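Subject: Structure handover

Dear colleague,

Please find the structure below, handed over for your files. My notes on it follow.

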Amino acid sequence: MKNRIADELIKGDFVHKNILSLSQFDRKSLDLLFATTRKIITKCKQNKCPQSLAGKIITLLFFEPSSRTFSSFSSAIKRLGGQTVEYQNPMETSSAVKGESLADTIRVFESYSDLIVIRHQTEGTAQAAAEAARFAPIVNAGDGGHEHPTQALLDLFTLHQKFGRLDNLVGVMSTDPLHSRTIRSLALGLSLYPNNTIYLLSPKHLRMNPEVVKEIKKRGTKVVEIFDTKDIPTQANFWYWNRIQKERFSDTRDYESALGKFSITPQLLKEKGNKDMIIMDPLPRVEEIDPRVDEDPRAYYFHQVRNGLFVRMALLSLILRG
Ligand code: NCD
């Protein structure tokens, strides 16, 4: 049995570590990840993507629907010369439906592969998988409304690419801070850097969990909760919008009452935007950004997707190095 802590701090050394939460990161680790990402971008642009995963097999175990993250990982692995065992919706197609425990599933798939990427609708599943695994590192590709670290890493990379820093930033995050794991992970990431301010815009019933707000504030980031678009500050560096997380509501009326309330429209951008800001969204988009915004040069969401590929390539290379 391995004797390592599932959510061990990274401290600049990714080798064979699980990636479960942004809480494992420090600035040094992010610097290394971003430097590696930049090198990979340069090499791939010359049509010479490093083949650092040659001979490696990675399992993609996705219990929850995904198109972007799943394909992004799949493509990242193949561009690095690795191969995948891919399992989507295992509740429909695998032994999980027969009642197999998560621990058994993990132990089986780690026998086939060098690393497991897991997405699951239940908070804490990535941690449980990491505790069950004996050899293979586990990468969390989203566990319920809890965290989505690789999305936050690509979001942080995108912000760093645009502004050249991750401190002294003002961001507005909407529309569902209660359920959005990408908002939570990104806020945790930003709180590693000094002097950031996050405005959380939502209906009152979708405010971020106060425990998480407390944690972010404790790390020195200013958090301001606002409930009306008229309170959006005009000096923000970025707006980060994520759809209302429909699948996480027990009462559909709560979902419906929030839908479309805070959508980004050309009109809102005119009233509250500024010329130097960027607009981000982890996608998929449902109603939170009017498609008329897509042609605006400040719309960065498709650029994020491209960065996601390279950041995942860098992350996997660093974990499986040596
Ligand atoms: C996000 C997720 O799964 O949390 N999507 C993604 O990974 N690109 C955002 C979402 O589903 O709203």
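In which strand is Asn140 found? Asn140 sits in strand S4, which covers residues 138-143. Please keep in mind throughout that this is a predicted model.

The side chain of Asn140 reaches the backbone oxygen of Leu20, at 3.0 Å. Asn140 has a relative accessible area of 1%, and it counts as buried because that value is under 20%.

Salt bridges

There are 14 salt bridges in the structure. One of them is between the side chains of Glu64 and Arg248, with an N to O distance of 3.1 Å. This pair links distant parts of the chain, its members being 184 residues apart. Glu64 is in the loop between strand S1 (57-62) and helix H2 (68-79), while Arg248 is in the loop between strand S8 (238-241) and helix H9 (252-258).

A second salt bridge is made by the side chains of Lys78 and Glu86, at 3.2 Å from N to O. Here Lys78 is partly exposed at 42% relative accessibility, and Glu86 is also partly exposed, at 36%.

Arg219 and Glu215 form a further salt bridge, in which the closest N and O atoms are 3.2 Å apart. Arg219 counts as partly exposed, with 25% relative accessibility, and Glu215 is partly exposed as well, with a relative accessible area of 30%.

Backbone

Ser174 and Thr175 are joined by a cis peptide bond with omega of about 15°. Thr175 lies in the loop between strand S5 (170-174) and helix H7 (181-190). Another cis peptide bond joins Leu283 and Pro284, with omega of about 5°. The loop that holds Pro284 runs between strand S9 (278-280) and helix H11 (301-319).

Leu283, in the loop between S9 and H11, also has a positive phi, about 65°, although it is not a glycine. Is Leu283 buried or exposed? With 12% relative accessibility, Leu283 is buried.

Lys11 is another non-glycine residue with a positive phi, in this case about 45°. Lys11 is in the segment before H1. Its relative accessible area is 55%, so Lys11 counts as exposed, the cut-off being over 50%.

Surface charge

Asp7, Glu8, Asp13 and Glu131 form a negative surface patch. Of these residues, Asp7 is found in the segment before helix H1 (27-45). Asp7 is partly exposed, with a relative accessible area of 37%.

Helix H4

Val108 has its place in helix H4, residues 102-112. How far is the C-alpha atom of Val108 from that of Ala133, and how many residues lie between the two positions along the chain? The two C-alpha atoms are separated by 9.4 Å, and the residues are 25 apart along the chain. Val108 is partly exposed, its relative accessible area being 33%.

Regards

How values were computed
Residues numbered from 1 in each chain as written. Predicted model: local features only at pLDDT ≥ 70, side-chain atom pairs only at ≥ 80, totals over all residues. Heavy atoms only, no water. Patch = residues over 30% accessible without salt bridge, like charges linked within 9 Å, V, L, I, M, F, W, Y side chains within 5 Å. Areas by Shrake-Rupley, 256 points an atom, 1.4 Å probe, with all protein chains shown as cover. Salt bridge = Lys/Arg side-chain N within 4 Å of Asp/Glu carboxyl O. Lys, Arg positive; Asp, Glu negative; His and termini not counted. Charge placed at Lys NZ, Arg CZ, Asp CG, Glu CD. Helix = DSSP H or I, 4+ residues; strand = E, 2+ residues; numbered from the N terminus. Buried < 20%, exposed > 50% of the residue type's maximum accessible area, 1.4 Å probe, protein only. Polar contact = N/O pair within 3.5 Å; in protein donor to acceptor, adjacent residues only side chain to side chain.
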